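Subject: Structure handover

Hello,

Here is the structure I promised to pass on. Please open it first, then read the notes below.

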Amino acid sequence: VGKGVHPRGYKKISAHLVYDIKPDLRRKARLVAGGHLTETPVNSIYSSVVSLTGLKITIFLAELNQMEIWATDVGNAYLEALTEEKVYIVAGPEFGDRHGHSLIVVKAIYGLKSSGLRWWERCSVILKDMNFFPSKAEDDIWMRDCQTHYEYIARYVDDLAIASHNPQAIIDDLEKKYQLKLKGSGPIKYHLGSDFYRDKDNTLCMSPLKYIDRMME
């Protein structure tokens with residue numbers, strides 16, 4: 001909104017960059033807002049996630065109905081939603097020719113108090129548009145009636161477990177129709193800290209093998 005401008009009704013906050021190296025050695029930089037400088041919202045900003053029991057039941061139903069179980073991760077999920085918080089930052093030197101300019105924060109960036117809920121709401125709108133509906137057991141187990149059976153999506157923030165006879169079609173919809181950036185899409189092998197594998201009897205097993213190894217190291 002210009003250099004030295006203080007937009008009326010907006011709270012000035014700080015922001016900083018966080019750098020990380022993923023387990024596969026990919027580098028990541030993330031801009032994080034100083035949400036500690038904002039007022040605590042009057043309304044609840046809680047956003048739920050699927051329970052471990054709920055995830056296991058979803059996977060059991062997939063096995064029972066001979067469906068495929070895929071996992072996928074929504075990249076930079078919070079940035080897919082818009083924030084309702086009225087905040088702005090003053091750009092630092094890393095913003096190049098915008099250095100010193102006042103920038104209104106539009107996206108639900110990491111660090112803002114309500115960003116988790118904003119993404120949860122955005123994801124729910126997408127799933128409803130795909131004709132999924134939340135189960136009566138858990139708000140984060142989504143179901144779709146396929147006449148002869150149900151398809152399921154178990155949501156844990158930005159990690160999705162998909163149970164379907166055609167999970168690729170769901171992935172294609174999320175990527176092409178809703179423009180989500182998905183990572184690691186495919187048959188479930190590692191999800192929410194657990195490894196998934198078949199034993200000698202072809203029974204699907206769930207065990208945090210890699211997690212335990214890393215803890216021991």
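Strand 1 and strand 5 (residues 87–90) run parallel to each other, paired over 2 bridges. Strands here are DSSP runs of E with at least two residues, helices are runs of H or I with at least four, and both are numbered from the N terminus. Two strands count as paired if DSSP finds at least two bridges between them. In general, strands of a sheet pair through backbone hydrogen bonds, either parallel or antiparallel. Within this pair, Lys 12 stands opposite Tyr 88 in strand 5. Both strands belong to an open sheet of 3 strands, in the order 1-5-6, with mixed pairing. Its edge strands are strand 1 (11–12) and strand 6 (102–104), each of which pairs on one side only.

**How to read the model**

This is a predicted model, with residues numbered from 1 along each chain as its sequence is written. Local features need pLDDT of at least 70, side-chain atom pairs count only at pLDDT 80 or more, totals for chains, interfaces and linings use all residues, and side-chain values use heavy atoms, with hydrogens and water left out.

**The chain overall**

The chain has 4 helices and 14 strands. Its C-alpha atoms fill a box of roughly 65 × 45 × 30 Å, taken along the principal axes. Of its 217 residues, 40% count as buried. Buried means under 20% relative accessible area, exposed means over 50%, and partly exposed lies in between (1.4 Å probe, protein chains only). Take the contacts in the chain with a separation of 6 or more: residues 24 or more positions apart account for 60% of them. A contact means heavy atoms within 4.5 Å.

The largest pocket has a volume of about 840 Å³. Its lining has 30 residues, and the closest to its centre are Lys 22, Arg 26, Asp 73, Asp 159 and Tyr 190. A pocket is found on a 1 Å grid over the protein atoms alone, as an open set of points with protein on both sides within 12 Å along at least five of seven lines; lining residues have an atom within 4 Å of a point. Grid points are joined across faces, edges and corners, and a volume is the space filled by probe spheres set on the points.

Several elements each supply at least two residues of that lining: strand 3 (27–33), strand 4 (68–74), strand 11 (182–187), strand 12 (190–191) and helix 4 (209–216). By class, the lining of the largest pocket has 11 nonpolar, 7 polar and 12 charged residues. Ala, Val, Leu, Ile, Met, Phe, Trp, Tyr, Cys and Pro count as nonpolar; Asp, Glu, Lys and Arg count as charged; the others, Gly among them, count as polar.

The second largest pocket holds about 180 Å³ of space. Among the residues lining the second largest pocket are Pro 41, Asn 43, Glu 84, Lys 86 and Arg 118. Its lining divides into 3 nonpolar, 3 polar and 4 charged residues.

**One cavity**

The whole structure has 1 cavity of 30 Å³ or more. A cavity is a set of grid points where a 1.4 Å probe fits but cannot get out. About 40 Å³ of space lies in the largest cavity. Its lining is Val 74, Trp 119, Cys 123, Ile 126, Leu 127, Leu 160, Leu 174 and Leu 180. Helix 2 (residues 115–129) gives the largest share, 4 residues. The lining of the largest cavity has 8 nonpolar, no polar and no charged residues.

**Residues to look at**

Ser 194 is in strand 13 (residues 194–198). Ser 194 is buried, because its relative accessible area is 9%. Leaving aside neighbours within four places in sequence, Ser 194 contacts Lys 189, Met 206, Ser 207 and Pro 208.

Lys 177 lies in helix 3 (residues 167–177). With a relative accessible area of 53%, Lys 177 is exposed. Not counting residues up to four places away in sequence, Lys 177 touches Asp 129 and Asp 172.

Gln 66 is not a glycine, yet has a positive phi of about 55°. Gln 66 sits in the loop between helix 1 (52–64) and strand 4. At 69% relative accessibility, Gln 66 counts as exposed.

Leu 192 also has a positive phi of about 55°, although it is not a glycine. Leu 192 lies in the loop between strand 12 and strand 13. Leu 192 is partly exposed, with a relative accessible area of 35%.

Best wishes
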